[in-house]
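Please keep the structure in view while reading.

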Amino acid sequence: MNKALLGTSEINQICFVVHDIEKAAESFGKLLGVPKPNWFLTGDSSISKIVFNGQPTGARNKLIFMNTPSVQIELIEPDQEPSTMREFLDTQGEGIHHIAVDVDDMKKQLGILAENGYPVVQTGEFTSSKGRYAYVDSVPACKTMIELLERDEPQAIPPAAEKPQGLEPLLGSDTVSQIAVVVRDLDAAADAYCSLLGVEKPPVLKEGAPEVTQVVYRGEPTEGKCRFLFIKTPLIEIELIEPGDSPSTWKEHLETKGEGVHHIAFHVKNLDETVAKLEGMGYPLIQKGYFFSGNGKYAYMDTLSDYHVIIELLEKFENK
């Protein structure tokens, strides 16, 4: 196993940049089955010491951190001052801005990353605790930004509070099990992720036989051709998908939005019931099918309006 360029293989955070953090907080609270969280404002430049593209900036953000059994979900509403979050919102719109890892030695890790083609985009200091962060330009290789977090004290994670009666996760689960990225060159993206995380490249898979997968995309049967692979990390699985030439949600994403994060996934107990529930709430079904191995099924839901990413539902058959 190669040494991780990031110094770790543990991705522990997914961050969404949004226009309205109040609305996002309400939506994500419902998704995870928790009371609507409150945001806080990052410190001014004397505290945050933000440098973006080599220049100091007075940018401030409204932030929310929501802990789940797997990764932490961060919500950010940036102000109008220059920052990587503001730039993302202005050019890409709302969505997943970065994934994050904790590092022991920020200066050392940034040096290693710079030597390997991942320059610094933005740095700054924490507001609510002692520590600092840095964003590196991993977008060309990984199709999303990577953030490094260096803490001067252990992260204080409060014990899970007893949920108020009647509050349950929308999907029956509050565990984000997967983040998936659509790419044009599967092998190149896989090489980048595996070198950053220090893991062996997993086998490349292909779509299963049509009679097994039974893919339906926007109401029409399709072969759903693709190449894909799964990278296991301690807290979350990374799926990379290279669409083929048949209609699919992955091909649509590549043609309309380009490379980037396509979905996050949750395992559910009854996929059909959950699909019906979400459709009743105004989240249409985009694509469904069976695993290429036949031992489960999936459904992609159009949850972009409230969650700024497609949510995939996964149901694994226990007897397979």
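Helix α4 spans residues 106-115, and Met-106, Gln-109, Leu-110 and Leu-113 are buried in it. Looking down the axis of α4, these buried residues stay within an arc of 100 degrees, so they line one face of the helix. Lys-107 and Glu-115, on the other side of α4, are exposed. The model discussed here is a predicted one.

Helix α8 can be read in a similar way. Which residues of α8 are buried? They are Thr-249, Trp-250, His-253 and Leu-254. Around the axis they cover an arc of only 135 degrees, which puts them on the same side of α8. Glu-255 and Thr-256 are exposed on the other side of α8. Just after this helix comes Gly-258, which has a positive phi of about 85 degrees.

At least two lining residues come from each of α3 (84-91), β7 (95-102), α8 (249-256) and β17 (260-267). By type, the lining of the second largest pocket has 10 nonpolar, 13 polar and 9 charged residues.

**Cavity**

How many cavities of 30 Å³ or more does a search of the whole structure find? The search finds 1. The largest cavity has a volume of about 40 Å³. Its lining consists of Leu-6, Ile-11, Ile-99, Val-101, Ile-146, Tyr-193, Leu-196 and Leu-197. In this lining, 8 residues are nonpolar, with no polar and no charged ones. Strand β7 and helix α6 (186-197) each supply at least two of the lining residues. The most comes from α6, with 3 residues.

**Aromatic rings**

Across the whole structure, a search finds 10 aromatic pairs. Two of them are set out below.

| Pair | Distance between centres | Angle between planes | Kind |
|---|---|---|---|
| Phe-28 and Tyr-307 | 5.2 Å | 85 degrees | edge-to-face |
| Phe-228 and Phe-230 | 5.6 Å | 80 degrees | edge-to-face |

Why does the pair of Phe-28 and Tyr-307 count as edge-to-face? Its planes stand at 85 degrees, and planes over 60 degrees apart count as edge-to-face. This pair links distant parts of the chain: Phe-28 belongs to helix α1 (residues 21-32) and Tyr-307 to helix α10 (residues 304-307), and the two are 279 residues apart. Phe-28 has a relative accessible area of 1% and is buried. Tyr-307, at 2% relative accessibility, also counts as buried. Both residues belong to one aromatic cluster, which is formed by Phe-16, Phe-28, Tyr-283 and Tyr-307.

In the other pair, Phe-228 is buried, with a relative accessible area of 8%. Phe-230 has 24% relative accessibility, so Phe-230 counts as partly exposed; the cut-off for buried is under 20%.

Lys-62 lies over the face of Trp-39, and its distance from the ring centre is 4.6 Å.

Terms used: Residues are numbered from 1 along each chain as its sequence is written. This is a predicted model: local features need pLDDT of at least 70, side-chain atom pairs count only at pLDDT 80 or more; totals for chains, interfaces and linings use all residues. Side-chain values use heavy atoms; hydrogens and water are left out. Helices (H or I, at least four residues) and strands (E, at least two) are DSSP runs, numbered from the N terminus. Ala, Val, Leu, Ile, Met, Phe, Trp, Tyr, Cys and Pro count as nonpolar, Asp, Glu, Lys and Arg as charged, and the others, Gly among them, as polar. Rings of Phe, Tyr and Trp (its six-membered ring) pair if their centres lie within 6.5 Å; planes under 30 degrees apart count as stacked, over 60 as edge-to-face and the rest as tilted. Buried means under 20% relative accessible area, exposed over 50%, partly exposed in between (1.4 Å probe, protein chains only). A charge sits over a ring if NZ of Lys or CZ of Arg is within 6 Å of the ring centre and within 35 degrees of the ring normal. The arc is that of the directions from the helix axis to the C-beta atoms. On a 1 Å grid over the protein atoms alone, a cavity is a set of points where a 1.4 Å probe fits but cannot get out, and a pocket is an open set with protein on both sides within 12 Å along at least five of seven lines; lining residues have an atom within 4 Å of a point. Grid points are joined across faces, edges and corners, and a volume is the space filled by probe spheres set on the points.
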